[in-house]
Amino acid sequence: MKEQNRYWFKKGLKDGVPIAAGYFAVSFALGITAKNAGLTAFQATLASLLCNASAGEYAGFAVIAENASYVTMALVTAIISARYMLMSITLSQKLSQQVGLGHRLLVGFWITDEIFGASSTVPGKLNPRYNYGLAICSLTFWMLGTCLGVVVGNILPGNIVNALSVLLYGMFLAIIMPESRKNKVVFALVVISMLMSLAFAYLPWIKTLSEGTRIIVLTVLIAGAGAIFFPIPDEDGKVEDN
């Protein structure tokens with residue numbers, strides 16, 4: 001069992017390298033935002049340690065810059081980051097029933113879009129140590145990038161900082177494409193997700209919703225359809241009843 005845990009932890013560290021590269025670029029730009037909001041390098045780094053959501057953290061820095069209330073900050077970050085609750089529910093179904101509450105809480109705390117994507121592609125049940133390896137590798141660079149963004153970010157030209165953020169999207173594609181090539185169902189759901197996301201950006205009424213809300217709606221619709229029509233077998237190889 002210990003050997004298996006070490007294997008999955010090391011694999012998580014290895015698979016977290018491309019995520020770390022993308023996170024470093026994005027958090028570097030985030031650090032500049034934190035500095036403009038008046039935060040020190042220590043404060044911004046601590047924020048990245050406790051908040052693992054780029055959109056939520058950026059919103060928090062924007063609220064700080066506007067000198068808004070704590071209630072406003074709590075509401076804004078809760079709405080923007082609500083999709084992570086859905087991701088936590090999904091990953092909880094990939095964990096074995098023998099996994100304790102402590103491990104489940106850690107897996108839930110360290111969920112990001114990319115860590116969720118990588119964890120979801122693991123065949124069979126998810127070993128929490130794999131998630132820990134992903135998180136320790138990638139989120140370390142998330143904090144480091146935020147810190148350096150505060151310290152030296154304003155030295156770089158703005159177009160270079162903006163270009164760095166594009167790396168995150170390329171990194172996310174690198175996560176989902178291998179699994180999409182192996183699994184036709186995943187491939188179909190990815191294509192449907194892209195088409196619906198594009199449609200949501202232009203459809204009346206829906207396009208007025210925030211990006212985070214649109215992601216939540218898409219997640220519920222597509223993940224729900226996938227769970228109903230293509231359920232994942234349980235540990236005994238039987239399909240669980242919904």
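Residues are numbered from 1 along each chain as its sequence is written. Because the model is predicted, local features need pLDDT of at least 70 and side-chain atom pairs count only at pLDDT 80 or more, while totals for chains, interfaces and linings use all residues, and side-chain values use heavy atoms, with hydrogens and water left out.

**Stop one: H1 and H8**

Select residues 2-36, helix H1, and residues 128-152, helix H8. Helices are DSSP runs of H or I with at least four residues, numbered from the N terminus. The two axes come within 5 Å and cross at roughly 20°. Axes are lines fitted to C-alpha atoms, for helices over the stretch in contact, and angles run from 0 to 180 degrees between N-to-C directions. H1 and H8 are therefore roughly parallel to each other, a term for angles under 35 degrees. The contact of H1 with H8 has 26 nonpolar, 10 polar and four charged residues. Here Ala, Val, Leu, Ile, Met, Phe, Trp, Tyr, Cys and Pro count as nonpolar, Asp, Glu, Lys and Arg as charged, and the others, Gly among them, as polar.

**Stop two: H6 against H8**

In H6, His103, Leu106 and Val107 meet Pro128, Arg129, Asn131 and Tyr132 of H8; contact means heavy atoms within 4.5 Å. By class, this contact of H6 with H8 has four nonpolar residues, two polar and one charged.

**Stop three: H7 against H8**

Now select residues 113-120, helix H7. Its axis and that of H8 come within 10 Å and cross at roughly 150°. The contact of H7 with H8 divides into six nonpolar, three polar and no charged residues.

**Stop four: the second largest pocket**

Select Ala47, Gly60, Phe61, Ile64 and Met73, which lie nearest the centre of the second largest pocket among its 18 lining residues. A pocket is an open set of points on a 1 Å grid over the protein atoms alone, where a 1.4 Å probe fits, with protein on both sides within 12 Å along at least five of seven lines; lining residues have an atom within 4 Å of a point. Helices H2 (41-50), H3 (54-65) and H4 (70-80) each supply at least two lining residues. H3 gives the largest share, six residues.

Definitions and conventions
Parallel < 35°, antiparallel > 145°, perpendicular 65-115°, else oblique.
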